[in-house]
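Please walk through this protein chain with me, moving from its surface and fold to its pocket and its aromatic side chains.

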Amino acid sequence: MGITDNKILSFADVSVHDNPKDCWVIINAKAYDVTKFLDDHPGGDEVLLQVAGEDASEEFESAGHGSAARLMLDEYYVREIDPLSSPVKKTTTPTPELPVKRNMVTPILPPKTDKGENNFVIKLLLILLVLGMAIALGLYSSN
C-alpha cells in the first residue's frame with residue numbers, strides 16, 4: 001500500500017509496514033519509518049519489531065525516552081495519523097505445541113542474560129561481601 005497525496009495516514013496504512021525490511025510505528029498520532037534505525041536502537045530491534053505497524057505510543061512513553069530520543073523522531077517522521085481511523089491489531093497464529101514424550105528429561109537451563117548483566121550481579125555480590133566482612137570485623141574488634 002503506497003502513500004497517497006493525502007497528508008494524513010490511517011492506522012491501516014501503517015499496519016502493512018510490519019517487518020524488518022519495512023518497519024513503521026505510530027507514536028503520539030504520528031507515523032515514523034524506523035527501518036534504518038532497527039540496528040541502532042539501544043533496546044534492540046526486537047522491541048521495535050514487536051510493535052511494527054502499530055501504535056507504540058504507550059511503549060515509547062513507558063520506556064522513559066528522553067528529549068534526545070524525541071528529537072531523533074523527527075528524522076524518521078512520515079505523516080500524521082487520522083485520529084478517526086481505527087487501530088489495527090495484529091493477528092497472531094498460535095504455535096502448535098510439541099507432543100510431550102514420557103520419560104524424557106528436559107534440562108532446566110538458567111535464563112540467558114547478556115554479559116553486562118552478569119558482571120553487574122557479580123560486582124554487586126562482591127560489594128555486599130566486602131561490606132559484610134567490614135561490618136563483621138567492626139563488630140568483632142569492638143568486643
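A residue is called buried when its relative accessible area is under 20%, exposed when that area is over 50%, and partly exposed in between, with a 1.4 Å probe and protein chains only. The model is a predicted one, in which local features need pLDDT of at least 70 and side-chain atom pairs count only at pLDDT 80 or more, while totals for chains, interfaces and linings use all residues. Residues are numbered from 1 along each chain as its sequence is written, and side-chain values use heavy atoms, with hydrogens and water left out.

By the accessibility scale, buried residues make up 22% of the 143 residues in the protein chain. The secondary structure comes to 5 helices and 5 strands, where helices (H or I, at least four residues) and strands (E, at least two) are DSSP runs numbered from the N terminus. Read from the N terminus on, the elements follow the order β-α-β-β-β-α-α-α-β-α. If a contact means heavy atoms within 4.5 Å, then among contacts with a separation of 6 or more, 66% are between residues 24 or more positions apart.

The loop between strand 3 and strand 4 holds Asn 28 and also Ala 29. Phi of Asn 28 is near 50 degrees, a positive value in a residue other than glycine, and Ala 29, likewise not a glycine, has a positive phi of about 65 degrees. Asn 28 counts as partly exposed because its relative accessibility is 43%, and Ala 29 counts as partly exposed at 37%.

A salt bridge is a side-chain nitrogen of Lys or Arg within 4 Å of a carboxyl oxygen of Asp or Glu, and a search of the whole structure finds 1 of them. Its partners are Arg 70 and Glu 61, whose closest N and O atoms are 2.8 Å apart. Arg 70 is partly exposed, with a relative accessible area of 35%, and Glu 61 is partly exposed with a relative accessible area of 35%.

Rolling a probe the size of a water molecule over the atoms shows where empty space is left. On a 1 Å grid over the protein atoms alone, a pocket is an open set of points where a 1.4 Å probe fits, with protein on both sides within 12 Å along at least five of seven lines, and lining residues have an atom within 4 Å of a point. The largest pocket holds about 380 Å³ of space, and of its 20 lining residues, Phe 37, His 41, Leu 48, Phe 60 and His 65 lie nearest its centre. Two or more lining residues come from each of strand 3 (22-27), helix 2 (45-50), helix 3 (57-62) and helix 4 (67-76), and helix 4 gives the largest share, 4 residues.

Rings of Phe, Tyr and Trp (its six-membered ring) pair if their centres lie within 6.5 Å, and planes under 30 degrees apart count as stacked, over 60 as edge-to-face and the rest as tilted. The whole structure has 2 aromatic pairs. The rings of Tyr 32 and Tyr 77 have centres 6.0 Å apart and planes at 70 degrees, so this pair is edge-to-face. It links distant parts of the chain, with Tyr 32 in strand 4 and Tyr 77 in strand 5, 45 residues apart. Tyr 32 counts as buried at 5% relative accessibility, whereas Tyr 77 is partly exposed at 37%. The rings of Phe 37 and Tyr 76 have centres 5.5 Å apart and planes at 45 degrees, so that pair is tilted.

Terms used
Points joined across faces, edges and corners; volume = space filled by probe spheres on them.
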